[in-house]
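Q: How do I read the strands and helices of a model like this one? Please take me through it feature by feature.

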Amino acid sequence: MPRAIWSGSISFGLVNIPVRLFTAVRRKTVRFNQIDSSTGARVKQKLVSAVDGEEVPKERIVKGYALDDGDYVTVSEEEMTALDPDMARTIDIAEFIDLSDIDPIFYDNAYYLVPGDQASKPYKLLANAMDEAQKVGICHFVMRSKRYLAAVRPVDGRLLLSTMVYHDEIVDHGEIDGFDTLADIEIDEREQAMAQQLIATLNSTFDPTRHSDTYREAVLELIERKAAGERSDDLLRAPAPSSDKVIDLMAALEASVNEAKKARKRHPAAGPAAGQKSGHSKATGQTGQAEQAELAERTA
């Protein structure tokens, strides 16, 4: 069973609710070790001095910040500890806002907030009140000597905390090359209509179970097959076709719409969930699909 990685309380106004924090995401990846291909032995890294190449013992290693002139300012562990934020065990909710006000770019890691001992009733009261008001709590808390900005939101009667990045950690789009080319691009009305038709044809509701990490699965399959004795030559795939050629945008859109229609007919369950259209409005699924089909015929 997962163990709590933090314990404290949610605080807003004069209300204090004991809670425990559990990781809500368990990231999966395939990890490799570095191996000497000639001996099959694992390769270990050593910490060596850039001056003489000699190995440096860990007790002599300190933190250093690089200056523009190439020099370093060293900082001791005692100096870093003196700067640690107040270790108060509270998640201080400063304000309640609409979820739509938060750009998803600010979200980082997700955690479950679980009620502590004798805290189930105030916990449920807060979760229900936030759900009824459709509000998210913006808060600060300290975990592992670091102060976090976070959002607390209700999900099916539970509270979920998502840590967030600070505004000055977001890369300004002006620093990225390439966006300036968009200003002079003109879109044909027929292309726009065809793109909207493609979006309508692919309209659905989000079901996370329809998506999986196919690359990780392929890597694990490769490892299993090699462990079973298959030769490397039999496992190599043909190179992917080049995508450098110039495409006819209109033809590509039309082909995409036709393929999406065929796929929808083969797998009708991949459309919007029964009783819902796009967004969050309620209607019969058949009516929603009929409207999309009508739109497709009008704009074809």
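The dialogue below covers the barrel, its strands and then a helix pair.

Q: What kind of model is this, and how are residues numbered?
A: This is a predicted model: local features need pLDDT of at least 70, side-chain atom pairs count only at pLDDT 80 or more, and totals for chains, interfaces and linings use all residues. Residues are numbered from 1 along each chain as its sequence is written, and side-chain values use heavy atoms, leaving out hydrogens and water.

Q: In what order do the strands close into a barrel?
A: Strands of a sheet pair through backbone hydrogen bonds, either parallel or antiparallel. Two strands pair if DSSP finds at least two bridges between them. Strands (E, at least two residues) and helices (H or I, at least four) are DSSP runs, numbered from the N terminus. Here seven strands form the barrel, in the order S1-S2-S6-S9-S8-S7-S5, with mixed pairing. From one strand to the next, the twist averages 40 degrees.

Q: Which strands does S1 pair with?
A: Strand S1 (residues 6–12) runs antiparallel to S2 (residues 15–23), joined by seven bridges. Serine 7 has arginine 20 of S2 as its bridge partner. The two strands form a hairpin with two residues between them, and glycine 13 in the turn has a positive phi of about 60 degrees. S1 also runs parallel to S5 (residues 90–97), through three bridges. Isoleucine 10 stands opposite isoleucine 91 there.

Q: How many residues of S9 are buried?
A: Buried means under 20% relative accessible area; exposed is over 50%, partly exposed in between (1.4 Å probe, protein chains only). Six of the seven residues of S9 are buried, so S9 is largely enclosed by the rest of the structure. S9 (residues 158–164) pairs antiparallel with S8 (residues 146–155) over seven bridges. Alanine 151 has serine 162 of S9 as its bridge partner. In the hairpin of S8 and S9, aspartate 156 takes a positive phi near 55 degrees. S6 (residues 107–115) also pairs antiparallel with S9, over five bridges.

Q: At what angle do H3 and H6 pack?
A: Axes are lines fitted to C-alpha atoms, for helices over the stretch in contact, and angles run from 0 to 180 degrees between N-to-C directions. Contact means heavy atoms within 4.5 Å. H3 (residues 189–201) and H6 (residues 249–266) pack at about 20 degrees, with axes 9 Å apart. That makes H3 roughly parallel to H6, a term for angles under 35 degrees. The contact residues include Met194 and Leu198 of H3 and Leu253 and Val257 of H6.

Conventions: Parallel < 35°, antiparallel > 145°, perpendicular 65-115°, else oblique.
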